[in-house]
Amino acid sequence: MKLKVNGHDHQIDADPDTPLLYVLREDLKLNAAKFGCGLGQCGACTVIVDGRAVLSCVTPLILLEGKQVTTLEGLGTLDAPAPIQRAFMEEQAAQCGYCIAGMMMRAQALLQKNPKPTDEQIRSELQPNLCRCGTHMRILRAVHRAARLMDSAELLPSDQGSVQ
Amino acid sequence: MSKGRIIGGIAIAAVIGAAIAAFAVIWRPAIAAIEPPTAQSFEPALVKRGRDLAAIGNCNDCHTVRGGKAYAGGLPVPTPFGTIYSSNITPDPDTGIGRWSEAAFQRAMRSGVDRGGHHLYPTFPYDHFTNVTDDDDRALYAFLMTRPAVHAPTPANNLAFPFNQRFVVAGWKLLFLHPGAYQADPAKGAEWNRGAYLVEGLAHCGACHTPRNALGAERSAASFSGGDVENWQAYAINANSPAPLPWDAEALYRYLRQGFDPDHGVARGPMAEVVSNLSAVPENDVHAIAVYTSSVFGAPTAERLRRANETRAQLKSPLARPAGGDNSGASIYAAACAPCHESGRPPPYGGVNLALSTSLSASDPRNAANIILAGIRPVAGERSPIMPPFADSMTDAQISAVLTYLRSRSGNHTAWSNVEQTVRDARRGEAAFLQTSRAPANAPADSTQRDKP
């Protein structure tokens, strides 16, 4: 079937009950989304589908007909990180990093529909995503920072002259 | 004395008599305010007993708003007459019950009148609480008066005339409030009677599981034949139960105590909060509730047992997996649901086989739609059931297709009508529910702490 990921169409040769996560990681070699629990309970596999945060390990291909999938790779690159990625780096929000891609994707989906979330809103939105290292406070600060970055003129990547 | 004057005199006397009668029905005196008692003035054992009773009464469920302080009230309760807000029952002297004496508390429980003498709306289920014993009221009072005081004024109710006039409630009580202590049935055992006292009283199971009449009162002729709770269906828990396998006392005990039963599935929606509370009270009370409730269900009929055997046989033979590829309900089920629901993994982490699910044999698809949309969140620190939400990955049409397929699968039920509309409504209702209700995770996370105050 056809699958649109990060703006590109892909022809996927897989059963319709294959979880999106397997296709992303094994067929498309997009390894930002992680396999955590496989039960949709930890959030490490979170990607964005049509603007909403979705758990890719429990989302079979059959549900993705005609939809747009965005992974962390689709937001920015190492050289030109997206505001959410910059914010997580600047706040040093990752420790082991396993949960962070999922955290960023869910935070990104939140910021797309609510550019100025309160602390409470961020906490409740990110509740499905687990972090074992305990960097929750940094993650919280990073989401606030991303909201400010998206709001201000600092949309330029960090290597192009903005504050560092 | 002329005939006219006699008639006039009788008429005046009748009017005065009626006024006195109305006054007697409506007017209740205020009970004097007290200085809030200190927490130390209550026996710890009494407070602990009160905590267990408050959990059986599910008090925290209505009297705590999502994200709010425990027992501080403010939860909007939608009714056909308008929105009523739950009150603050912390011992705050100004906005809670800090100035209520035990007598005032007991009067509220028995007859739905606040300390100031105002009639309370029956969203506070005093039609059940009226049977609570003096001792249990005393323990509940001790528990509530030793909670942290929270200053939280109760929002004004939003009711249309005449329901915004509290004296109207006095008339309601004449019709529907039957005060009186629980009368034990000598033909039954102590456990059954204990269960009956709790189920009919403090636990107020009928408040959700009994349908209501046009005046918002439970229809006693249809006791436990199912009702509506916000956007959920409370199933019939009598002979009309739609459960594919009949309930018995052991299954009910497991379900009420741990939140799920392998033969029936998981407690969800408003019931999740009930079982969460019941996980933290003395075992024998939950046993008593299960024993009495199983007698409300009654022994299954021969027809019921025959259908149960059919269901069990269906479980043994593997279901035909549809070829897939199309966007039909069967294909979506096979891809998105079957990996957990037919995994053979035991509950709570494996999904219940849906042939056992009451949500699919019920008269409408509301509950099933709610669960597919919202999933089942784990309870912190507990071995609790889980299911991912599909609200953001499935469209209304896809969820409807799955529901229609699952409904048709057993072959025993008539098709549901307006499935897609129900899913749309569930999506809207779910959003509102999540904003106003507490997360169902109020049991102490550490189960070893459950027996402590």
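**Around Thr210(B)**

Tutor: Let's start with one residue: setting aside neighbours within four places in sequence, Thr210(B) is in contact with Glu218(B), Arg219(B), Ala222(B), Ser223(B), Phe224(B), Ser225(B) and Gly227(B). This is a predicted model, where local features need pLDDT of at least 70, side-chain atom pairs count only at pLDDT 80 or more, and totals for chains, interfaces and linings use all residues. Residues are numbered from 1 along each chain as its sequence is written, while chains are lettered from A and ligands numbered from 1 in the order in which they are written.

Student: What makes two residues "in contact"?

Tutor: Their C-beta atoms, placed from the backbone, lie within 7 Å.

Student: Why is Thr210(B) called buried?

Tutor: A residue is buried if 20 or more other C-beta atoms lie within 10 Å of its own, exposed if 12 or fewer, and partly exposed in between, with C-beta atoms placed from the backbone. Thr210(B) has 23 within 10 Å, so it is buried.

Student: Where does Thr210(B) lie?

Tutor: In the loop between helix 9 (206–209) and strand 4 (227–229) of chain B. Helices (H or I, at least four residues) and strands (E, at least two) are DSSP runs, numbered from the N terminus.

Student: What makes helix 11 of chain B "largely enclosed"?

Tutor: Of its 9 residues (270–278), 8 are buried, so the rest of the structure largely encloses it. Met271(B) and Leu278(B) are among the buried ones. The cover over them includes helix 2 (44–56), helix 3 (59–63), helix 10 (249–258) and helix 12 (283–297) of chain B.

Student: How do you know whether chain B is as compact as a globular protein of that length?

Tutor: Chain B has 18 helices and 7 strands. Its radius of gyration is 25 Å, close to the 22 Å that the globule rule gives for 453 residues, so chain B is as compact as a globular protein of that length. The radius is taken over C-alpha atoms, and the rule is 2.2 Å times the number of residues to the power 0.38.

Student: How many residues does each chain bring to the contact between them?

Tutor: Chain B brings 16 and chain A brings 17. On the chain B side, helix 14 (residues 329–341) gives the largest share, 5 residues.

Student: Which residues does Met104(A) touch, apart from neighbours within four places in sequence?

Tutor: Met104(A) is in contact with Leu72(A), Ile84(A), Gln85(A) and Phe88(A).
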